[in-house]
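Dear colleague,

I am passing on to you the structure shown here, together with a summary of what was found in it. Please read the notes below alongside the sequence and the coordinates.

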Amino acid sequence: MSQWLSDIASSHRLQLGLTALVSGGLAITAVIGLQNARRWYDVHDLKDSIPDLDSKHDINDFGGAAASETTEQKDDERSVALARRARLGDYDEDLILEQLARNRVFLTDDGLRKLRSAFVIIVGCGGVGSHAAAALARSGCGRIRLIDFDQVTLSSLNRHAVATLSDVGTPKVATLQRRLEQIVPWVHFDCRNQLFNAASADSQLEAWSDGQAPTYVIDAIDNIDSKVALLKYCHESSIPVISSMGAGCKSDPTRVLIGDISASTDDPLSKSTRRKLRLQGVKEGIPVVYSTEKTAPGKAELLPLPEEQFQKGSVNELGVLPDFRVRILPVLGTMPAVFGLCVANHVMLEITGYPHDYVTGKVRAKMYDGILTQLQGLEERLAQANGASEQGVRMPVTSDDVGYLVEEVFRGRSVISGLASRLALARWRKPEGKWIDDRTSGQRIDKLPLDALVCMTKDEMIQHEKLVLKGDRTPEDVYDQAVLDRVEARWEEERSLKTRWQDCVTA
């Protein structure tokens, strides 16, 4: 034993190994002790942070414990203070011009001056409206009124322009103002946490406090009745307005277009809006942003309401507010941004007078003019076949009527074959009795009601003219029952819509 100890004492390698072993043990012991101590302090700090039942509790508006002041809240307070001073003129003009330098060289000094002097109202501050507001504010629009009744939700964060998790549960208009003031503190905001409707239009679209009338109004509402009320009010009041149609279930940004509402197609929201506006006498003159993307297998669509929801009672009573949808509309987060930026872009070009000429509306108008010319020729041939003179026949049908019949009533397709190309309009049945009014000398008027027309292809029109309009056969002799039912269904839907609207007007 003594010899072994002697060997250890004389061996430097063994001495180093023992020293390392002892040191490692001490280190492990120290680490474990430190962790235990830290855990003990953490537990006691957590317990100390829990207030006594007898102590005062700060409760927020939602019934929960109010959070203590954070760095973010302090930054918000500083931003609010800076914005308040900036709106009072306490902000360097050179800094503003430097921030707007790229817009300045694009729009010129005069254009930027017009934009900075503009007063724009944005109704609806969700995915589309928030991006429009952010773009206008960043570009230097001087005054912006934000109108929306809703609050930020978790599900809206996929498409809102500026909202964060900390904004969930707060009004959308307040969120927009708070975030945008951190970017453009000199812009003046007027927030209205309200639901827009026809009854409140006068106050919500009123002039600024100093009497400045709205320069432009942006419709970013997704409720049809409110949308129609806003557009009708602006149209009758001669307030420039642009409307965003539906971005839901859309995914192709190359098919997003800007054109007159009379030319917008392939959009259920646009279709419903057009038809209701038309019943109120507004047929055209309102620019809209819409998508021509069509549905297809595998693409998103509005799913039917689950059966258990119907068991809860009337579906109309399940929404948060009357007449608001109760189903979830699939929305790809990028598409509302595309719509919102297109809307803001149009408003900026209009306000500053920058040249812009959209091709889409011209193409559709040319197509409608062509269909009207074909219908005119058909009616003149029928008149001549019935022994009338060669003098031209005047029709009570306009290019706008043609667009409405083709797009709204017959949904852009032949009622016979379902084809969507080389379309035409023709009488469904041979005219009977005296259908040419020649009581005025030198003038012959075709008594052609709109509900006598159907949409078909040019080739189908030629055959229909030969067999039915000039021949001795009826539509029942030529077409199968499915086609006959489809024609009746289209016009029955139109008559029903008009009846419902007339009932609403007289109620």
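A salt bridge here is a side-chain nitrogen of Lys or Arg within 4 Å of a carboxyl oxygen of Asp or Glu. This is a predicted model, in which local features need pLDDT of at least 70 and side-chain atom pairs count only at pLDDT 80 or more, while totals for chains, interfaces and linings use all residues. Residues are numbered from 1 along each chain as its sequence is written, and side-chain values use heavy atoms, with hydrogens and water left out.

Salt bridges

Side chains of opposite charge can pair when their charged atoms come close. In this model the rule gives 28 salt bridges. One of them joins Arg278 and Asp401, at 2.8 Å from N to O. Arg278 lies in helix H10 (residues 268–279) and Asp401 in helix H14 (residues 399–409), so this pair ties together parts that are 123 residues apart in sequence. Helices (H or I, at least four residues) and strands (E, at least two) are DSSP runs, numbered from the N terminus. Both Arg278 and Asp401 are buried; buried means under 20% relative accessible area, exposed over 50%, and partly exposed in between (1.4 Å probe, protein chains only). The charged end of Arg278 also sits over the ring of Tyr404, 4.0 Å from its centre. For that description, NZ of Lys or CZ of Arg must be within 6 Å of the ring centre and within 35 degrees of the ring normal.

A second salt bridge links Glu206 and Arg192, whose closest N and O atoms are 3.1 Å apart. Because Glu206 lies in the loop between helix H8 (201–204) and strand E4 (216–219) and Arg192 in strand E3, the pair ties together parts that are 14 residues apart in sequence. Glu206 is partly exposed at 35% relative accessibility, whereas Arg192 is buried at 13%.

Glu493 is partly exposed at 31% relative accessibility, and Arg411 is partly exposed at 38%. Salt bridges that share partners also join Arg145, Asp190, Arg192 and Glu206 into one network.

H14 is mostly covered, with ten of its eleven residues buried. The buried residues include Asp400, Asp401, Tyr404, Glu407 and Glu408. Just after H14, Arg411 takes a positive phi of about 60 degrees.

Leaving aside neighbours within four places in sequence, Arg490 is in contact (heavy atoms within 4.5 Å) with Val409, Phe410 and Arg411.

Aromatic pairs

Rings of Phe, Tyr and Trp (its six-membered ring) pair if their centres lie within 6.5 Å; planes under 30 degrees apart count as stacked, over 60 as edge-to-face and the rest as tilted. The count comes to five aromatic pairs. One of these, Tyr91 with Trp186, is tilted, at 5.8 Å centre to centre and 45 degrees between the planes. Tyr91 lies in the loop between helix H3 (71–87) and helix H4 (93–99) and Trp186 in the loop between helix H7 (172–181) and strand E3 (188–192), so the pair ties together parts that are 95 residues apart in sequence. Tyr91 is partly exposed at 25% relative accessible area, and Trp186 is buried at 7%. Trp428 and Tyr479 form a stacked pair, 5.1 Å centre to centre with 20 degrees between the planes.

Nonpolar cores

A nonpolar core is a set of buried Ala, Val, Leu, Ile, Met, Phe, Trp, Tyr and Cys residues joined through side-chain atoms within 4.5 Å. The largest has 43 residues, and those with the most contacts inside it are Val120, Leu136, Ile144, Leu146 and Ile218. Apart from it lies another core, of 39 residues, among them Leu375, Tyr404, Tyr479 and Trp491.

With kind regards
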